[in-house]
Amino acid sequence: MRFLFKTDYDDDIRLLPHSGYVYSYGLLLAVLLIAPHVLSSYLMSQLVFVCIYATVGVGLLILTGFTGQASLGHAAFLAIGAYTAAYLQQFDVPFPVYFLAAGLLTGVVGALVGFPALRLQGIYLVIATISFAFIVEEILARWESVTHGNEGMRVKTMQLLGTSVSRDSPTFYYLCLAVLVLTIIGTLNLLRSPTGRAFVAIRDSETAARSMGINVSLYKVKSFAISAAITGFAGVLFAHKLSFISPEMFTLQLSIEFIIVILIGGTFSLHGAVLGAIFLVMIDPFLTYLKDDMPGVIAGVAAAFGAGKERAGHIQDAVAAFASANGLKGAIYGIIIVVFVLFEPLGLYGRWLKIKLFFQLFPLYKRATFKRQKIYVKSERNR
Amino acid sequence: MSYFRAENLSLHFGGLRAVDSVSFAVEKGEILSIIGPNGAGKSSIFNLISRIYSPTSGKIFFEDQDITAEPAFGIAKLGIARTFQNIELFENATVLSNLLVGRHVHSTTQLWQELLFLPSVRANEKAHRRRVEQVIEFLDLEPYRDKLISGLPYGVRKVIELARALCSEPKLILLDEPSSGLNVEETDDMSFWIRDMKNELGITVLMVEHDMTLVNRVSDRVIALNYGRVLAMGSPSEVQHHPDVVAAYLGA
């Protein structure tokens, strides 16, 4: 185990506390930078989606993880970002301008959503954000002069510094990666400043936050705005990656996917957003495997155990029917959420920390290290 | 004019008069204790002062300024800090970040500066940290800096809450039962700290307390409440021997 001897206040402020962090994150960055030259185009495409989902995850973490305000409406923020980009593109607005405009507009909308949300707590806030998402979805479908309704909108290839950047090019991947890295650094900066501490204070005790001089309403609105703006930026990249957007892409299921990203990854650290995004993006290839290969494999196993040819064929058909059933994806999402909430509430990053500590302390690791106890009654009535 | 003044303060919940036209004044640099049986309205008075509740009627003055209509988050800016009876710490944060939240009223940085973590933000952070470090030394909290609140014992949490209030550099501090849940030794420490706050830091103290030993040891004056009304006011021994106070505690 490494012991840090702190000799300066900077030791507590630094983002990378010691050389180990510098090496491991440097290595990670190097791997990510050479990835386009090594990986197949399919994997690169998946990696771009990881970057986009992780960016949204970071945005959602600011609101849900650090400020404690749940939201099931982030698909709507993503949609606003995406549609702003598609709309402004029609007037030949350059990419940097509509990218910033999308973030700004989404941030303003986020702040507006934040105001009515000030009076709402917990499950009621979730309901309010769901209804916000439905309203946005409806507007996108009906406001045909701007959004082309259910026909959807085509997103033109990105023009950056006079060259066109195709959605499958390494440049586009680098752009997504840069947005993700900058978002993470900005968020980390925020979290080590008074604003970030105010967010955490509001999450843990609004009464105490108020009595410490924190303007709870103002900071909740700020949190909503920042979270929405980040999601709006991601929305622009999302639109470019898909090259076509329509209202039915920004449904409740997408909002749930974002919740999965942070819930699976871990809601207490930004690592969670990235790990959760990787996990989520891997679900689709897994489903494809389930559909294409799984029936054959199971039938083969059945045949090996002595099932006749006809019987094996029946089994193959049954498994295939199950694997391609409607709503299987939603069911899998539901199961994943339940399993994680029950067995690993700290998420993948929490699991990683536990494994790390296990080896650091071996053989003295105690399971109870990560058990959080809430013993003392808090004055909820004073909220 | 008194330093801090409550005038005919009332708080009614429907028919229940939790606080019933209470008037009192706190002089600068004194330690004033509020005692009374359970449900006498002591904590309600604290919640009125820190604006968690709004008074049904009456006014509150601090440094000759009417603060009755001040928003809750504005009270700390004026220099009034408080602790809570049931401990309201930020559970899933470290002790240091809890204490740094106490510095919130003194933070001047803007959001965009914080996003970029400009040198000015860093300088501010270090200045805050220096002040926090002084409070840590004052209350002997050195072993706990990087610990999460959720893993700390009750007695330590109580001290951290006091530390967080002190970090905002208050002029007036409201202590809601500082000794509840503490053992004899910890209560002794608390009484020294309360007196040091007055003598060394020059903070005026208003506290609600049940432990009469602590009250006798530190208070300059005592107010006894029952059913939301003031029964007696004066030196600790005067109040304890006041016939109404004896009746309230022991029954007539």
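Q: Which helices of chain A do the buried residues of H17(A) pack against?
A: The model is predicted, with local features needing pLDDT of at least 70, side-chain atom pairs counting only at pLDDT 80 or more, and totals for chains, interfaces and linings using all residues. Residues are numbered from 1 along each chain as its sequence is written, and chains are lettered from A and ligands numbered from 1 in the order written. Buried means 20 or more other C-beta atoms within 10 Å of a residue's own (exposed: 12 or fewer; partly exposed: in between; C-beta atoms placed from the backbone), and contact means such C-beta atoms within 7 Å. Gly347(A), Leu348(A), Tyr349(A) and Gly350(A) are the buried residues, and they pack against H12 (252-265), H13 (270-292) and H16 (328-343).

Q: How far apart are the end C-alpha atoms of H17(A)?
A: Helices (H or I, at least four residues) and strands (E, at least two) are DSSP runs, numbered from the N terminus. Expected span is 1.5 Å times one less than the number of residues. H17(A), residues 347-361, has 15 residues and should therefore span 21 Å; the end atoms agree, at 21 Å.

Q: Is strand E8(B) largely enclosed or open, and why?
A: Side chains in a regular strand alternate between the two sheet faces. In E8(B), Thr204(B), Leu206(B) and Val208(B) are buried on one side, Val205(B) and Met207(B) on the other. Five of the five residues, 204-208, are buried, so E8(B) is largely enclosed.

Q: Which residue of E8(B) is the bridge partner of Ser33(B)?
A: Strands pair if DSSP finds at least two bridges between them. E3(B), residues 31-35, pairs with E8(B) in the parallel sense over four bridges. The partner of Ser33(B) is Met207(B).

Note on methods
Two residues are in contact if their C-beta atoms, placed from the backbone, lie within 7 Å.
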